[in-house]
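Hi,

Here is the structure I promised to pass on.

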Amino acid sequence: GGGGARAEEQSAAEQRNASGHDGDQGDDASEWTQAIMEDPFEGEAAEGQVTVQAGEEIWISGDSNVEAEAWTWVRKNDGASGYVPSAFILKSSIAPKVFARPSSS
């Protein structure tokens, strides 16, 4: 035996590639929202997760809906990125999104 782990890594990599954005380079810098972790989480790299500390500053992808989704893709200041449980993110620390712009009329 012994070939199981490699298949897992491959599927995680495929998943990651599928969720990546093509041709959006440079534009997505403004789409990252700053937040802070409320609880520590030890991520499984093979599952596309990332390890974070309680109180750690993270950045949330603009595509993420922390309230609605169980897992949120985050990027850390050291450049590492991956999924963390949405419940572990300090909701009150998330910079407000500009969903509802006040109408000018």
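Which residues make up the largest nonpolar core? Before I get to that, the ground rules: this is a predicted model, where local features need pLDDT of at least 70 and side-chain atom pairs count only at pLDDT 80 or more, while totals for chains, interfaces and linings use all residues. Residues are numbered from 1 along each chain as its sequence is written, and side-chain values use heavy atoms, with hydrogens and water left out.

Now the core. Its 12 residues are Ala35, Met37, Phe41, Val50, Val52, Ile58, Ile60, Val66, Val74, Val84, Ile89 and Ile94. By nonpolar core I mean a set of buried Ala, Val, Leu, Ile, Met, Phe, Trp, Tyr and Cys residues joined through side-chain atoms within 4.5 Å. Buried is under 20% relative accessible area, exposed is over 50%, and partly exposed is in between (1.4 Å probe, protein chains only). Strand E1 (33-37) and strand E2 (57-60) are the elements that give two or more residues to this core; strands (E, at least two residues) are DSSP runs, numbered from the N terminus.

Lys76 brings us to the charged pair. The structure holds 1 salt bridge, meaning a side-chain nitrogen of Lys or Arg within 4 Å of a carboxyl oxygen of Asp or Glu. Lys76 makes it with Glu56, at 3.6 Å between the closest N and O atoms. Since Lys76 sits in strand E3 (residues 71-76) and Glu56 in the loop between E1 and E2, the pair ties together parts that are 20 residues apart in sequence. Both Lys76 and Glu56 are buried.

E3 itself has two faces: Thr72, Val74 and Lys76 are on the covered one, with Trp71, Trp73 and Arg75 on the uncovered one. In general, side chains in a regular strand alternate between the two faces of the sheet.

As for pairing (at least two DSSP bridges between two strands), E3 runs antiparallel to E2 over 3 bridges, and Trp59 has Arg75 as its bridge partner in E3. E3 also pairs with strand E4 (residues 81-85), again in the antiparallel sense, over 5 bridges, and there Thr72 stands opposite Val84. E3 and E4 form a hairpin with 4 residues between them, and Gly79 in the turn has a positive phi of about 95°.

Finally, Pro96 comes in the segment after strand E5 (89-90) and is exposed, at 76% relative accessible area.

Cheers
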